[in-house]
Amino acid sequence: MKPPIMIFSALLAIASAACTPEPKTELAQTEVKVMGQAPPGDVPELLAPGLVSTSNLEGLAAFSPDLKELYFIRQETGSRPGYVVLQNKSDRLETAPVETTDGLGEVFISTDGQTMYLGNEYRTRTPDGWSEKQSLGSALEQYPIMRLTASDAGTYVFDEQDEFGKLRYSRVIDGVREAPQTFNDNINSGTFTSHPFIAPDESYLIFDSQRDGGFGSSDLYISFSEEDGSWGPAMNLGDTINTEFDDIFGSVTADGRYFVFQTINLDEPRSDIFWVDAAFIKSLRQSR
C-alpha cells in the first residue's frame, strides 16, 4: 500500500487525465459563520460544501487563526493541482489560486497568524499578503519536509517525503535551534507515519499512520505529552473520525474548537475535507 500522500497525488493525476473541465459556479452570498457554514457537532461534516468541498479533489487544509482564511489543495478537472485560498472579506467569500504544488511544502499557519510554514521554508505576513519564501535554516535544509507545524514555543514537528514512518522535532533551547531529533516508538511505528500536528502548548501530537488495529488503510492518532516530557502511547481517534478509507492530515484550529482532516476514497475516486467539534480530544485525554 502506497502512503496516503502519494495516493492523493496519484488521485490528482487520474482526475486531471480522465475528466474534462466543468463550468465554475459562483460563490454563494450567504451570511458567513465559519466559511459560510454553521459550526459542526460531534459527527464529522464536509467543510463548506460547494465552496471548499466540491466534485473536484480537495485536501491538505490549513486555517488562519481568525478562521477568515483557509488554504487547501484543489485539483480542478483538466488542470494542475494547486493551493487555493478561501477568504472571508467582510461581506463576501472569495476563492483565489495561490500556487501550484510539487507535493512538498504543505501550508501551516502559526497561531499568531504571522508566519506561513511550507516544509523547510516559510513566509511572513506583509501588508499586501505574504513575503517571498525563506529558508528555515541549515539544520532543516537537508530534509525533504512535507508538513511542518510549530508550537507557540517554537518547537517544529515534521515528516519527510523520502522517509515515511519517521517524525522528527526540533526545539529552541536557550535561544538556539537544536538539531532535529527522532520521536520514540510510540509515535514512529507501523508501516508509515506522517503529517504531524503539534498542539500550540505541546500537550498533544496528532498524526496519521498505517499500523495494526486501525479501521482503514491509514488512520488518525493522537499522543499526549507526559509529565516527564515524553510522549505517551498513540491512541486511535476512533471510528467517528476514522473510516475504512485513508484518513489523514489532521489539525486543530488555533482556538481549539475544530478538528479538520482529509479522507481519501479510492473507490470513487474522491478526496474531501471534513471538520468536527474538537471536544473529543479532552475526552480522549481523560480516558487514558
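I started with Ala48, which sits in the loop between strand S1 (45-46) and S2; helices here are DSSP runs of H or I with at least four residues, strands are runs of E with at least two, and both are numbered from the N terminus. This is a predicted model, where local features need pLDDT of at least 70, side-chain atom pairs count only at pLDDT 80 or more, and totals for chains, interfaces and linings use all residues. Residues are numbered from 1 along each chain as its sequence is written, and side-chain values use heavy atoms, with hydrogens and water left out.

I looked up phi for Ala48 and got a value near 45 degrees, positive in a residue other than glycine. Ala48 is buried, at 3% relative accessible area (buried is under 20%, exposed over 50%, partly exposed in between, with a 1.4 Å probe and protein chains only).

Then I went to Leu67, in the loop between S2 and strand S3 (69-75). Phi of Leu67 is near 65 degrees, again a positive value in a non-glycine residue. Is Leu67 buried or exposed? Leu67 is buried, with a relative accessible area of 12%.

**Whole chain**

I noted three helices and 23 strands. Of the 288 residues, 51% are buried. For contacts (heavy atoms within 4.5 Å) with a separation of 6 or more, 45% come from residues 24 or more positions apart.

**Cavity**

I found one cavity of 30 Å³ or more. A cavity is a set of points, on a 1 Å grid over the protein atoms alone, where a 1.4 Å probe fits but cannot get out, and lining residues have an atom within 4 Å of a point.

Which residues lie nearest the centre of the largest cavity? They are Phe63, Phe108, Ile109, Phe197 and Val252, out of 21 in the lining. Strands S2 (57-63), S6 (107-109), S17 (192-198) and S21 (246-252) each give two or more residues to that lining. By class I get 15 nonpolar, five polar and one charged (nonpolar is Ala, Val, Leu, Ile, Met, Phe, Trp, Tyr, Cys and Pro; charged is Asp, Glu, Lys and Arg; polar is the others, Gly among them).

**Nonpolar cores**

A nonpolar core is a set of buried Ala, Val, Leu, Ile, Met, Phe, Trp, Tyr and Cys residues joined through side-chain atoms within 4.5 Å. The largest has 29 residues, and Tyr204, Ile206, Ile222, Phe259 and Ile281 touch the most other members. Among the elements supplying at least two residues of this core are strand S18 (204-210), strand S22 (258-265) and helix H3 (280-286). Apart from it lies another core of 18 residues, including Leu51, Ala61, Leu86 and Ile273.

I also checked Phe259: beyond four places in sequence, its contacts include Ile206, Leu237, Val252 and Trp275.

**Other spots**

Asn120 is in the loop between strand S7 (115-118) and strand S8 (121-126). A polar atom of the Asn120 side chain lies 2.9 Å from the backbone oxygen of Tyr143, a polar contact (N or O atoms within 3.5 Å, one able to donate a hydrogen and the other to accept it; residues adjacent in sequence count only if both atoms are side-chain atoms).

Arg168 belongs to strand S13 (residues 168-170) and is buried, at 11% relative accessible area.

Last, I found a cis peptide bond between Glu268 and Pro269, with omega about -5 degrees. Pro269 is in the loop between S22 and S23.

Terms used:
On a 1 Å grid over the protein atoms alone, a cavity is a set of points where a 1.4 Å probe fits but cannot get out, and a pocket is an open set with protein on both sides within 12 Å along at least five of seven lines; lining residues have an atom within 4 Å of a point. Grid points are joined across faces, edges and corners, and a volume is the space filled by probe spheres set on the points.
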